[in-house]
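Subject: Structure handover

Hello,

Here is the structure we talked about. Please load it first, then read the notes below.

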Amino acid sequence: MDIVIFIDNEKNYSYDEDMFHDIAYTILKDEKINYPYNTAEISLVLTDDSEIQEINRLYRKMDKPTDVLSFPINESKKLSSQILGDIVISMDKVKSQAIENDCTEKEELAFLFIHGLLHLLGYDHEVSEKDEEEMFELQDYFFDKYFS
């Protein structure tokens with residue numbers, strides 16, 4: 001399977017591009033995800049708190065910074081396109097949450113990317129407690145799988 005990740009990193013943050021590909025490949029190839037295409041396209045934006053706050057305000061009507069935003073192309077877990085959508089991650093949040101969560105910035109960035117990618121695949125923790133449990137279990141599973 002080919003994974004194409006278009007990374008917008010205008011602020012020149014440090015990151016491991018292979019990590020994003022490895023995580024996406026693992027998630028899309030895992031038996032728990034039914035991904036019917038041979039190629040997956042993801043857009044990833046690495047930005048700061050002020051830019052993600054503006055995006056959050058424009059698209060979610062929430063005038064505050066957040067750690068990760070996802071904009072899926074598909075509207076459910078039934079995927080109809082090899083283009084999955086956009087993930088936006090605040091690197092300011094990566095740094096502060098790494099300290100709060102007592103982990104490395106790489107681990108926090110991976111965790112947020114996994115969270116965003118699961119949203120692109122149709123998982124949504126805001127729908128119900130059952131959906132939240134399912135998504136967070138998968139999130140932890142893939143994080144542990146990558147860092148074990």
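Keep in mind that this is a predicted model.

Aromatic pairs first. A pair of rings is described by the distance of the centres and the angle of the planes. The model has 8 aromatic pairs. One of them joins Y35 and Y37. Their ring centres are 5.5 Å apart. Their planes stand at 70°, and over 60 counts as edge-to-face, so this pair is edge-to-face. Y37 comes out at 26%, so it counts as partly exposed.

Y146 and F147 make another pair. Here the centres lie 4.9 Å apart and the planes are at 85°, so this pair is edge-to-face too. Y146 has a relative accessible area of 23%, which makes it partly exposed. F147 has 31% and is partly exposed as well. Both belong to one aromatic cluster, together with F111 and F143.

Next, S70. You will find S70 in strand β3, which spans residues 68–72. A polar atom of the S70 side chain lies 3.1 Å from the backbone oxygen of G116. Beyond its neighbours within four places in sequence, S70 is in contact with D86, I87, G116, H119 and L120.

H119 deserves a look from its own side. H119 is part of helix α4, residues 105–120. Its relative accessibility is 17%, so H119 counts as buried. Leaving out residues up to four places away in sequence, H119 touches S70, P72, D124, H125 and M135.

Last, the helices. Which residues of α1 meet α4? On the α1 side they are M19, F20, I23, A24 and I27. On the α4 side they are K106, L109, A110, F113, I114, L117 and L118. Helix α1 covers residues 17–29. The two axes run 10 Å apart, at an angle of about 40°. Roughly parallel would need an angle under 35 degrees and roughly perpendicular 65 to 115, so α1 and α4 are oblique to each other. The crossing of α1 past α4 is right-handed.

That is the set of notes for now.

Best wishes

Key:
Residues numbered from 1 in each chain as written. Predicted model: local features only at pLDDT ≥ 70, side-chain atom pairs only at ≥ 80, totals over all residues. Heavy atoms only, no water. Phe/Tyr/Trp six-rings, centres within 6.5 Å; stacked < 30°, edge-to-face > 60°. Buried < 20%, exposed > 50% of the residue type's maximum accessible area, 1.4 Å probe, protein only. Helix = DSSP H or I, 4+ residues; strand = E, 2+ residues; numbered from the N terminus. Polar contact = N/O pair within 3.5 Å; in protein donor to acceptor, adjacent residues only side chain to side chain. Contact = heavy atoms within 4.5 Å. Axes fitted to C-alpha atoms, helices over the stretch in contact; angles between N-to-C directions. Parallel < 35°, antiparallel > 145°, perpendicular 65-115°, else oblique. Left-handed = near helix turned anticlockwise from the far one by under 90°.
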